Amino acid sequence: EARPTSSTTLPPSTEAPTTTVAPVDPFALRPPAPGGDPEALATQIVASERVLRDPGARDAAVAEAALAQQVAYRQLGDHPEWDQAVEALLPDDLRPSVALHTGARRELRALGGTARTSLPAWRIVVPPPLADLTRSYQDAGTEFGLDWPYLAAINLVETGFGRIRGTSEAGARGPMQFMPRTWAAYGGGGDIEDPHDAIFGAARLLAANRGATDMANALFQYNHSDRYVRAVTGYAQLIAAEPMALRSLYYWGVYYRTVRGDIYLTVDYEETAPVPVP
């Protein structure tokens, strides 16, 4: 093959100039609209689940699919009359996880009580890295003889993996939502706001209440509600059964149920006192 020498004149390049595309911030995405009817909802569930179960999917694609998944399960949770029609349109491999998602969602919806007239005094932030959280769940589970997916499920239900910063109406604080007196008993001298310390505090509480042999009892001591126990158990079972489930749930955002409907709180949301629903 002939190679040009220093005296060879080369033709001008016809290649397009390279451009740098800014990476997508997965935590800046907003959720899509819900499906609108059983057929569209089933399509949204299947499409999002296929992306989320792909180990090679990029973070931005996973985050986008996770928000679509979250919206879909929130809608299905509100429409039990659609269950049969949606299930008939689902492939067999998705039906068990859809049932767990829907059941957990309905328990939390009922647990949440009436819709609110004001938005909360919260700050919404980017959660800690998933790898760090997972390491803390697993280390705490190993140390206290617990199934670690329950710790992840509590973290999800309580604060969306630490997205929600603020004190609850009951006075609970931190990513695992401890009351100050309970933290004094189980915090191990750590920082109630620190994710690692809070996860280990939750593990101590569960272990002290026979979490290794009777997790339902331990969860009831964490929150005295059978609905809470069933919701956390459902998400823990999902995380244990589906290798990519924790990654999917990690990218869910924060919704707040109000008299004007569900309002999505973005990472730039910050209020120091409750404000009327817009």
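Author: Helices here are DSSP runs of H or I with at least four residues, and strands are E runs of at least two, numbered from the N terminus. The model is predicted. With those elements in hand, helix 2 (59-78), helix 4 (95-111), strand 1 (118-119), helix 6, helix 9 (215-222), helix 10 (226-241) and strand 4 (254-258) each supply at least two residues of the lining of the largest pocket.

Reader: What volume does the largest pocket have, and which residues are closest to its centre?

Author: Its volume is about 1500 Å³. Of the 45 lining residues, Gly112, Trp122, Val157, Glu158 and Ile164 are the closest to the centre.

Reader: How do the residues of that lining divide into nonpolar, polar and charged?

Author: The lining of the largest pocket has 23 nonpolar, 15 polar and seven charged residues. Gly counts as polar, a handy point when you come to Gly112 in the lining.

Reader: What makes Phe27 and Tyr250 an aromatic pair, and of which kind?

Author: Rings pair if their centres lie within 6.5 Å, and planes over 60 degrees apart count as edge-to-face. Phe27 and Tyr250 are 6.0 Å apart centre to centre, with 80° between the planes, and the pair is edge-to-face. Phe27 lies in the segment before helix 1 (38-52) and Tyr250 in helix 11 (residues 245-250), so the pair ties together parts that are 223 residues apart in sequence. Twelve aromatic pairs are found in the whole structure.

Reader: Why is the pair of Tyr255 and Tyr264 called edge-to-face?

Author: Their ring centres are 5.1 Å apart and their planes stand at 65°, so this pair is edge-to-face. Tyr255 and Tyr264 are both buried.

Reader: How do you know whether Phe161 is buried or exposed?

Author: Buried means under 20% relative accessible area. Phe161 has 1% relative accessibility, so it counts as buried. Phe161 sits in the loop between helix 6 (149-159) and strand 3 (164-165), and its phi is near 65°, a positive value in a residue other than glycine. Together with Phe27, Tyr250 and Tyr251, Phe161 forms one aromatic cluster.

Reader: And Gln177, is that residue buried or exposed?

Author: Gln177 has 15% relative accessibility, so it too falls under the 20% cut-off and counts as buried. Gln177 is in the loop between strand 3 and helix 7 (180-186).

Reader: What lies over the face of Tyr250?

Author: Arg163 does, at 5.8 Å from the ring centre. The cut-off for a charge over a ring is within 6 Å of the ring centre and within 35 degrees of the ring normal.

Notes
Residues numbered from 1 in each chain as written. Predicted model: local features only at pLDDT ≥ 70, side-chain atom pairs only at ≥ 80, totals over all residues. Heavy atoms only, no water. Phe/Tyr/Trp six-rings, centres within 6.5 Å; stacked < 30°, edge-to-face > 60°. Buried < 20%, exposed > 50% of the residue type's maximum accessible area, 1.4 Å probe, protein only. 1 Å grid on protein atoms, 1.4 Å probe; cavity = no way out; pocket = protein on both sides within 12 Å on 5 of 7 lines; lining within 4 Å. Points joined across faces, edges and corners; volume = space filled by probe spheres on them.
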